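Open the model in your viewer and keep the selection tool at hand. This tour moves from stop to stop.

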Amino acid sequence: MIHFVLLISRQGKVRLTKWYSPYSQKERTKVIRELGGVILSRGPKLCNFVDWRGFKVVYKRYASLYFCMCIDQDDNELEVLEIIHHFVEILDRYFGSVCELDLIFNFHKAYYILDELLLAGELQESSKKTVARLIAAQDSLVETAKEQASSISNIIAQATK
Amino acid sequence: MGSQGGFYQSKEFLDLVKSIGEARSKAEEDRIVLGEIETLKRRISEPDIPKRKMKEYIIRLVYVEMLGHDASFGYIHAVKMTHDNSLLVKRTGYLAVTLFLNEDHDLIILIVNTIQKDLTSDNYLVVCAALNAVCKLINEETIPAVLPLVVELLAHPKEAVRKKAIMALHRFYQKSPSSVSHLLSNFRKRLCDNDPGVMGATLCPLFELITIDVNSYKDLVMSFVSILKQVAERRLPKAYDYHQMPAPFIQIKLLKILALLGSGDKQASENMYAVVGDIFKKCDSSSNIGNAVLYECICCVSTIYSNPKLLEFAADAISRFLKSDSHNLKYMGIDALGRLIKISPEIAEQHQLAVIDCLEDPDDTLKRKTLELLYKMTKSTNVEVIVDRMIDYMININDNHYKTEIASRCVELAEQFAPSNQWFIQTMNKVFMHAGDLVNTKVAHNLMRLIAEGFGEDDDTDSQLRSSAVESYLHILGESKLPSVFLQVICWVLGEYGTADGKYSASYITGKLCDVAEAYSSDETVKAYAVTALTKIYAFEIAAGRKVDMLPECQSLMEEFLASHSTDLQQRAYELQAVIGLDAHAVESIMPSDANCEDIEVDKNLSFLTGYIQDSIENGAQPYIPENERSGMLKISNFRNQDHHETSAHSLRFEAYELPKQTVQSRIPLTSLASTEIVPVPEPIYVREIYQTTTVPSASSDAGSTELKLRLDGVQKKWGRQTHSPATSTSSSTSQKTDNGITQVDGSNTSNSRTLETYDSRKQQVEITPEKQKLAASLFGGSSKSEKKPATGHKISKPSSHIVERSHVRKSSLEIASEKKASIQPPPDLLDFGEPTVNSAAPSVDPFKELEGLLEPTTQVDSAENHGSTAAATKSPDIMGLYTETPAGIYNKDDSDILSGLSNPPVRNMLGGTRSMQVAQSSKGRNLKNSLEKDALVRQMGVTPSSPNPNLFKDLLG
């Protein structure tokens with residue numbers, strides 16, 4: 001089971017956090033600080049896995065962003081590494097060559113995507129297409145709502161001219 | 001970007017994000033966030049906030065919380081937001097509450113009603129959003145409120161909903177197994193869902209159920225095997241392929257399940273051999289995901305009933321992992337080796353040098369994994385080297401969690417395999433000195449017991465053990481700052497055996513004990529141990545008939561303890577005083593020498609007091625009333641009981657009061673009707689059917705029961721392409737494949753042989769240092785060179801044939817490719833077309849890859865051209881390319897803070913009217929057009945690529 005997902009920048013700034021197991025706000029801060037220290041200081045050629053408090057943390061660096069997932073002792077590390085990559089590929093497809101800036105300003109979108117990929121700490125969908133389709137369905141609702149809103153505001157604007 | 005990218009938030013929010021980005025220290029960031037919290041607190045409680053504004057506030061709250069601050073003042077607003085009718089707003093609300101609240105939060109009770117309503121919504125997106133929330137928020141108490149609704153959703157027409165419902169049910173099971181125990185058959189049913197996504201999701205709960213209770217799922221072995229076989233044969237839709245592997249995540253889950261089911265079950269395992277062997281052959285070991293599946297295969301092979309051929313495959317895969325340059329693969333190899341040596345211990349020997357390389361690797365993770373492997377392969381012959389290594393490592397780490405673990409492992413190994421008493425005591429001393437108080441107190445007590453009981457061989461060695469312990473402890477006491485647990489052990493041992501062999505005088509030992517008590521005066525436990533030890537020493541002296549004179553320092557110590565604040569210490573000091581005053585005979589009966597291992601009989605009824613009680617009662621004392629009969633207590637316990645009853649009676653009711661739940665009940669048959677479409681039998685019959693498949697103990701695979709085949713067909717039709725032929729042809733095709741299998745193995749072997757060979761030759765050139773060899777010999781107990789040579793000789797013969805085969809493959813794939821180019825067809829059909837030819841020409845996975853490699857560039861060029869023509873700006877990609885190149889080159893080393901170039905006035909036109917959504921949406925994945933647009937947008941935002949941190953603009957997948 002995946003206990004949490006963390007996105008940290010190379011400067012140690014938090015870009016995204018998702019907790020599938022219960023952690024108090026205090027513990028969360030501690031976890032981020034601790035893991036940030038461990039992971040950011042690791043060299044490039046080393047394993048992408050770290051032992052941590054009896055769990056394992058799998059991380060991968062993309063440009064200046066580190067994607068980390070915490071898993072149980074008996075989970076398959078390579079698989080989780082690929083789940084991370086799978087997530088990045090979906091982000092990439094969604095944002096169109098995703099870069100860190102996309103995630104900084106659109107962290108809530110990244111959350112929506114993550115919610116379609118992982119649920120309750122397990123991989124719920126391994127097809128990129130299915131995830132993309134669901135997110136698109138949600139987004140199309142957003143678009144129509146926006147159009148409505150803007151058309152209403154246009155009407156109001158014209159009426160008040 | 002269009003629907004995806006846009007920065008819809010207000011300027012205020014963008015400013016916040018930017019200023020956080022510019023913050024140069026954590027303190028500055030905190031200050032900004034605290035300011036933001038104040039603003040939000042004020043704004044959010046204003047009356048009549050428009051929905052859009054509110055939505056943004058909530059997202060800002062999420063941001064604040066993400067940065068580690070408390071946003072609990074806004075939780076209630078997020079909860080309110082879930083009540084909204086618009087899905088847009090609702091979705092934000094649900095996102096926020098799932099991020100904010102843990103399952104035990106008080107506010108959850110306010111969401112349950114909304115969730116109930118949303119689960120019955122006719123918009124499946126609403127249902128999905130609600131199910132996401134269900135997975136995170138519903139706790140044991142609220143499960144009954146949503147359970148029937150979730151179960152109903154298992155038959156929802158949308159696969160996304162069914163999938164999430166399965167996951168939710170799984171979550172319920174994790175939280176309270178009893179609440180869903182009657183619904184477990186639903187998981188079996190969903191396994192046959194015609195959507196592979198739902199089937200894949202169902203494997204999660206099934207894996208957990210099987211972990212808990214293997215035997216009730218043995219009947220599913222054949223189903224899992226057949227699903228795995230179909231997945232491996234690419235029967236799932238292409239969308240599930242990942243890096244050219246057919247649905248690898250599903251394969252991994254299935255292999256995990258098979259491992260559980262086949263563990264110690266010969267019959268079940270035999271059914272799996274073919275498919276697992278097949279996957280071994282099909283796995284592409286050059287990609288990470290291929291290796292992930294390979295690793296899972298090894299795990300599976302090492303747990304199911306062993307099969308020599310599969311073990312051979314596994315050993316091959318392991319040696320490939322270990323010889324790889326990637327640390328990840330080495331790590332997995334070491335882990336896999338640890339699994340396999342349980343079955344075939346001899347396999348470790350051929351990898352001894354690789355293992356030692358990993359042990360000496362600077363990578364901490366790899367080192368730990370290797371130590372774990374060594375721990376697993378410890379024998380009495382290599383225990384000294386291994387434990388020494390472990391202790392060396394333990395001394396140099398700060399990670400307390402791991403230190404504790406490795407310390408207890410050292411202790412365990414030392415207890416189990418210690419070659420001599422001397423070594424044992426010294427090892428334990430080292431562990432205690434370096435791991436200190438991290439060592440579990442249990443370990444300390446174990447050690448005391450072990451010293452007291454000895455190894456049980458004969459009295460002589462036992463007393464030797466004790467003397468050497470005493471000796472080494474007296475020596476160690478000279479060191480400053482010993483951990484408390486260790487001191488306790490030392491005091492106890494000195495008290496029991498300090499004077500036992502007559503080497504040391506009582507006054508010497510007592511002097512040492514007093515020193516300990518003084519030096520660690522803040523540690524009450526140690527002092528207590530010391531006092532008791534003193535008592536023992538004096539008692540033994542008295543019992544031996546010697547005159548006792550207490551050292552002056554000891555006397556002053558006793559005086560101090562007699563007045564101690566700790567009653568425990570006081571009592572011990574008084575006891576010491578009392579013992580000293582007794583005569584030899586009395587002392588011997590209270591403190592017999594070396595009797596700590598003898599059982600003490602306890603008279604629980606306190607019968608020796610009967611006379612005394614009798615006297616007292618006769619003198620008018622009140623008789624004793626047992627606790628539970630006393631009136632006061634009676635009330636309290638009763639009250640407690642009542643309380644308990646009340647809580648159970650008063651547990652929350654979520655159903656509405658007025659309306660009877662007829663509607664729900666009438667729907668249940670409907671759902672079962674709907675499910676018949678997928679599983680053509682209602683539940684009881686379904687179970688029987690599965691049962692039948694197991695009762696037929698199919699020895700050979702094709703003699704499998706007819707029912708089974710029928711079911712397979714059902715699944716096949718759902719997933720396979722229309723052209724696929726039914727049962728009979730599949731069986732024939734598989735047999736064909738296994739025929740080919742042999743040649744296939746050769747192919748894969750030869751492809752490795754090259755790397756193997758170069759590796760070996762390099763190894764020999766490098767010249768193994770004598771130290772390493774020595775270490776290897778001490779760990780593995782065998783010489784390495786004699787093992788190696790035949791192996792290399794054996795492998796040299798192959799490469800030539802391999803090259804021939806390779807070229808053949810390439811040629812054939814080229815032919816296919818050219819054929820394809822002639823008849824321009826969509827890729828899937830091409831692959832279909834290619835399959836038979838590949839099978840006949842050279843059975844290897846490679847052709848596929850090469851083929852796709854040939855195909856992909858052309859399609860990409862096509863799409864790029866398309867975009868070029870639609871998007872007017874044909875020259876711009878080049879410019880863009882130059883642009884991203886240069887700043888990266890210049891600023892790469894510059895590590896100063898991000899976004900500091902953002903100080904330009906922020907954007908007015910956030911949506912950037914120039915970009916066209918359609919183009920962006922139609923284009924898949926990376927292309928230059930996209931990044932160009934993004935660049936333009938981002939510039940409008942005031943962020944320029946020339947800002948000091950170009951990394952922000954780097955494509956993550958670049």
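Start at B:Tyr612, which is exposed, with a relative accessible area of 59%. Buried means under 20% relative accessible area, exposed over 50%, and partly exposed in between (1.4 Å probe, protein chains only). B:Tyr612 sits in helix α34 (residues 610-618) of chain B. Helices (H or I, at least four residues) and strands (E, at least two) are DSSP runs, numbered from the N terminus.

This is a predicted model: local features need pLDDT of at least 70, side-chain atom pairs count only at pLDDT 80 or more, and totals for chains, interfaces and linings use all residues. Residues are numbered from 1 along each chain as its sequence is written, chains are lettered from A and ligands numbered from 1 in the order in which they are written, and side-chain values use heavy atoms, with hydrogens and water left out.

**The nonpolar patch.** Patches are made of residues with over 30% relative accessible area and no salt bridge; like charges are joined within 9 Å, nonpolar side chains (Val, Leu, Ile, Met, Phe, Trp, Tyr) within 5 Å. Accessible areas come from the Shrake-Rupley method with a 1.4 Å probe; for residues, only the protein chains shown count as cover.

**The negative patch.** Select B:Asp515, B:Glu518, B:Glu553 and B:Glu560, which form a negative surface patch. Asp and Glu count as negative, Lys and Arg as positive; His and the chain ends are not counted. The place of a charge is taken as NZ of Lys, CZ of Arg, CG of Asp or CD of Glu. Helices α29 (506-519) and α31 (552-562) of chain B each supply at least two residues of this patch. B:Asp515 belongs to α29 and is partly exposed, at 38% relative accessible area.

**Chain B as a whole.** Zoom out. Chain B has 47 helices and zero strands. Of its 958 residues, 49% are buried.

**B:Asn429.** Go inside to helix α25 (residues 421-435) of chain B, where B:Asn429 lies. B:Asn429 is buried, with a relative accessible area of 5%. Show its contacts (heavy atoms within 4.5 Å). Beyond residues up to four places away in sequence, B:Asn429 touches B:Ser472, B:Tyr473, B:Ile476 and B:Phe486.

**B:Lys256.** Which residues of chain A does B:Lys256 touch? Select A:Asp75, A:Asn76 and A:Glu79; B:Lys256 also touches B:Phe207 and B:Glu296, not counting residues up to four places away in sequence. B:Lys256 is in helix α15 of chain B and is buried, with a relative accessible area of 10%.

**Salt bridges.** The whole structure holds 40 salt bridges over all chains. Each is a side-chain nitrogen of Lys or Arg within 4 Å of a carboxyl oxygen of Asp or Glu. In chain A, pick A:Arg15 and A:Glu100, whose side chains meet in a salt bridge (2.9 Å, N to O). A:Arg15 lies in strand β2 (residues 14-19) and A:Glu100 in helix α3 (residues 100-105), so the pair ties together parts 85 residues apart in sequence. Next, A:Lys18 and A:Asp115 form a salt bridge (3.0 Å, N to O). A:Lys18 is in strand β2 and A:Asp115 in helix α4 (residues 107-117), 97 residues apart. End in chain B with B:Glu12, B:Glu36, B:Arg43, B:Glu56 and B:Arg60, which are linked in a salt-bridge network.
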